[in-house]
Amino acid sequence: MSPHLLLPIPPGAVTLGDSEVAPCPLILFTSGDIHLLLRARMFLLPSLPRLPGLQLRQPWAPSPRPAVSSCPPRQRLVFLKTHKSGSSSVLNLLHRYGDRHGLRFALPDRYQFGYPRLFQASRVKGYRPQGGVGTQTPFHILCHHMRFNLKEVLQVMPSDSFFFSIVRDPAALARSAFSYYKSTSSAFRKAPSLAAFLASPRAFYRSGARGDHYARNLLWFDFGLPFPPEMRPKRGNPRPPRDPNAPGTHILPSATGPRAQTIDSNAVFQPDSTVADGHGQTGSPASLDLGSSSFIQWGLAWLDSVFDLVMVAEYFDESLVLLADALCWGLDDVVGFVHNAQAGGEQGHNAVGNSGLTPEDRQLTARARAWNNLDWALYVHFNRSLWARIEQYGQSRLESAVAKLRARREALAKHCLEGGEALDPKYISDRRFRPFQFGSAKVLGYRLRSGLSPHDREECERLATPELQYKDKLDAKQFPPTVSAPLKASQLLSP
């Protein structure tokens with residue numbers, strides 16, 4: 001048996017239907033049944049519909065804090081860097097924090113950990129398996145692009161690491177991905193426009209074709225989750241036997257609270273243009289046919305058990321405040337500039353609602369969410385959990401912290417940057433700050449002001465350095481080139 005995922009359940013008794021199991025079991029997801037591995041013995045569990053009995057901790061529950069006024073900062077971090085979701089901006093703040101504090105990064109040999117293959121510990125530079133020769137120097141931060149694979153991640157990082165990631169509305173993600181990966185995805189390459197692709201995606205998309213993981217449910221793929229059986233490629237039949245986006249009646253698990261989003265099975269083709277609570281959330285978001293509803297619920301429940309926080313790109317600053325609070329960091333530790341933004345796209349991370357959109361844009365948004373139905377389920381789930389966490393944190397307290405964060409970012413931009421904002425790469429002559437150009441749109445970057453003091457210039461350089469150059473900088477710091485022994489004078493003489 002070759003399990004696809006190793007699914008841990010948090011400590012504490014876990015009730016599944018009528019049965020109870022001891023603390024800390026492991027669940028193996030296979031292509032067929034679900035198995036329970038407990039104390040090295042295998043038990044067959046009931047099928048997926050038993051999921052509603054599974055009790056998992058709520059990811060937004062406030063962690064107990066010591067009675068003292070301060071807490072030690074968390075420095076064992078695993079960040080799942082999802083694609084086209086604002087993750088490069090998060091990566092920069094992790095690079096800066098680790099760089100300033102002398103932390104050790106788990107780095108890839110190049111820039112990704114064998115993506116799109118599942119993460120393997122052997123791809124971490126300098127990693128030695130347990131029991132190998134020599135003592136393994138511990139890693140503090142794992143944060144570069146990978147397809148998440150918990151079993152292998154835990155070979156590299158301790159189990160008490162802080163796990164977090166970021167998601168984005170699939171409609172906004174689709175717009176960015178189509179522009180960025182048009183030359184990489186065969187489905188996107190064949191489509192004349194995103195609107196044409198979403199109007200008839202199966203005319204272009206073939207499950208399993210090269211690069212087509214970028215074209216559908218990219219977030220679900222990055223999280224390393226298995227796909228429902230009807231969405232897996234079949235041998236000799238690249239098309240799924242049925243359209244998983246056909247209108248249906250399955251819904252996501254219900255939630256409570258003013259920001260809980262209800263899934264309306266008809267709204268996918270008739271999106272509601274209202275905005276709930278002034279936060280840019282559609283009052284009745286696009287629905288999905290979750291034909292494998294229990295399967296999807298298993299995936300979401302597992303993510304809740306693994307990830308301590310999942311940020312939402314549309315509420316980026318709010319997410320940063322919650323991140324700083326969870327890590328016991330200061331606001332200055334999470335202040336930074338937007339990285340890997342495309343020219344002509346939205347600068348920053350703003351909530352995407354249907355108000356103010358043209359009928360064509362509303363239709364494209366609905367179709368993008370329907371086509372990326374698993375990503376939409378992820379997004380609704382984690383948008384809901386983020387706002388539940390905000391309720392715990394306190395709305396007025398959050399607003400005050402967000403205002404301070406934005407004021408600090410604006411002050412840093414004016415102090416550090418030429419023009420105080422991101423620039424077209426043609427104006428950036430210093431290769432250390434010129435971002436890698438990929439896709440049809442230009443990727444913006446930063447140019448530093450002249451006349452900065454040495455101390456200020458060092459910090460401004462950290463803020464402006466793109467992810468690839470910063471990774472190279474960290475690599476050289478952790479793995480300095482070997483210096484050859486000096487030649488003897490006799491060796492320098494010509495024969």
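Which residues does Glu-318 touch, not counting residues up to four places away in sequence? They are Ile-390, Leu-398, Val-402 and Arg-406. Glu-318 itself lies in helix 8, which spans residues 316–327. Glu-318 is buried, yet it has no salt bridge. Arg-406 carries the nearest side chain of opposite charge, 4.1 Å away.

**Model and confidence**

This is a predicted model. Its mean pLDDT is 76. A value of 70 or more is reached by 67% of the residues.

| Stretch | pLDDT | Contacts beyond four places in sequence |
|---|---|---|
| Residues 1–69 | under 50 | 135 contacts |
| Residues 236–291 | under 50 | 121 contacts |

Where pLDDT is low, predicted coordinates should not be read in detail.

**Overall make-up**

The protein has 495 residues, and buried residues make up 51% of them. It contains 14 helices and 13 strands. Take the contacts between residues at least 6 apart in sequence: 74% of them join residues at least 24 apart.

Strand 7 (residues 77–80) runs parallel to strand 9 (residues 141–142), joined by 2 bridges. In this pair, Val-78 stands opposite Leu-142 of strand 9. Strand 10 (residues 162–167) pairs with strand 13 in the parallel sense, over 4 bridges. Here Val-167 stands opposite Val-312 of strand 13.

Is strand 13 covered on one face or on both? Both faces of strand 13 (residues 309–312) are covered. Leu-309 and Met-311 are buried on one side. Val-310 and Val-312 are buried on the other.

**Nonpolar cores**

In soluble globular proteins, nonpolar side chains tend to be buried together. The largest nonpolar core of this model has 73 residues. Those with the most contacts inside it are Leu-142, Met-146, Phe-148, Val-153, Val-156, Phe-197 and Phe-307. Helix 10 (residues 373–393) gives the most to this core, with 11 residues. A second, separate core has 43 residues. Its members include Phe-316, Leu-323, Leu-463 and Ala-464.

Which residues surround Phe-148, leaving aside its neighbours within four places in sequence, in terms of contact? Among them are Val-78, Leu-80, Leu-118, Val-153 and Phe-163. The list also includes Trp-302, Val-306 and Phe-307, as well as Asp-222, Phe-223 and Gly-224. Val-78, one of these partners, is the residue that stands opposite Leu-142 in the sheet.

**Arg-367**

Arg-367 sits in helix 9 (residues 359–371). Is Arg-367 buried or partly exposed? Its relative accessible area is 31%, so Arg-367 is partly exposed. Not counting residues up to four places away in sequence, Arg-367 touches Leu-198 and Ala-199. Arg-367 and Ala-199 are 168 residues apart in sequence. In space they are 7.4 Å apart, C-alpha to C-alpha.

Notes:
Residues numbered from 1 in each chain as written. Predicted model: local features only at pLDDT ≥ 70, side-chain atom pairs only at ≥ 80, totals over all residues. Heavy atoms only, no water. Buried < 20%, exposed > 50% of the residue type's maximum accessible area, 1.4 Å probe, protein only. Lys, Arg positive; Asp, Glu negative; His and termini not counted. Salt bridge = Lys/Arg side-chain N within 4 Å of Asp/Glu carboxyl O. Contact = heavy atoms within 4.5 Å. pLDDT = per-residue confidence, 0-100. Pairing = 2+ DSSP bridges. Core = buried A, V, L, I, M, F, W, Y, C linked by side-chain atoms within 4.5 Å.
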